[in-house]
Amino acid sequence: MNIGLGLILIPIAIILVIFGVFSLKKNNKIVVGYGMLITGMLILSASVLLLTGIYDPYANHIR
C-alpha cells in the first residue's frame, strides 16, 4: 500500500516542481512559483519516505 501511494505521489510532485520552475522564470509569479516548488518538494520527500519504508502509516508499532 505504501509503494502504491508513493508511486502516485511522484508524478504529482514532478509536475508541481516543473510548473514551479516555469512560473519562476516569469518575474511576475514569484510567490506562486516558490509555493509550487515547496509543495512539490514536500510531496516528493513524503513519497520517498513511503517508498523506502521509513514511514509506514499502517504498521502497528504499539501493542
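User: In this predicted model, with which residues is Ser 47 in contact, leaving aside its neighbours within four places in sequence?

Analyst: The residue in question, Ser 47, lies in helix α2, a helix that spans residues 30–52. Leaving aside neighbours within four places in sequence, the contacts of Ser 47 are Gly 6, Leu 9 and Ile 10.

User: Does Ser 47 count as buried or exposed, and at what relative accessibility?

Analyst: Buried means under 20% relative accessible area. Ser 47 falls below that limit and therefore counts as buried, its relative accessibility being 0%.

User: How are α1 and α2 oriented, roughly parallel or roughly antiparallel?

Analyst: Helix α1, residues 2–25, packs with helix α2, residues 30–52, at an angle of about 160°, and their axes are 7 Å apart. Angles over 145 degrees count as roughly antiparallel, and therefore the orientation of α1 to α2 is roughly antiparallel.

User: What is the handedness of the crossing of α1 and α2, and how many nonpolar, polar and charged residues does their contact have?

Analyst: The crossing of these two helices, α1 and α2, is left-handed. Sorted by class, the contact of α1 with α2 has no charged residues, eight polar and 22 nonpolar.

User: Which backbone oxygen does the side chain of Ser 23 reach, and at what distance?

Analyst: Ser 23 is found in helix α1 and is buried, with a relative accessible area of 11%. Not counting residues up to four places away in sequence, Ser 23 touches Lys 29, Val 32, Gly 33 and Met 36. Its side chain reaches the backbone oxygen of Gly 20, at 3.0 Å.

Note on methods:
Residues are numbered from 1 along each chain as its sequence is written. This is a predicted model: local features need pLDDT of at least 70, side-chain atom pairs count only at pLDDT 80 or more; totals for chains, interfaces and linings use all residues. Side-chain values use heavy atoms; hydrogens and water are left out. Axes are lines fitted to C-alpha atoms, for helices over the stretch in contact, and angles run from 0 to 180 degrees between N-to-C directions. Helices (H or I, at least four residues) and strands (E, at least two) are DSSP runs, numbered from the N terminus. Angles under 35 degrees count as roughly parallel, over 145 as roughly antiparallel, 65 to 115 as roughly perpendicular and the rest as oblique. A crossing is left-handed if the near helix is turned anticlockwise from the far one by less than a right angle, and right-handed if clockwise. Ala, Val, Leu, Ile, Met, Phe, Trp, Tyr, Cys and Pro count as nonpolar, Asp, Glu, Lys and Arg as charged, and the others, Gly among them, as polar. Buried means under 20% relative accessible area, exposed over 50%, partly exposed in between (1.4 Å probe, protein chains only). A polar contact is a pair of N or O atoms within 3.5 Å; within protein, one must be able to donate a hydrogen and the other to accept it, and residues adjacent in sequence count only if both atoms are side-chain atoms. Contact means heavy atoms within 4.5 Å.
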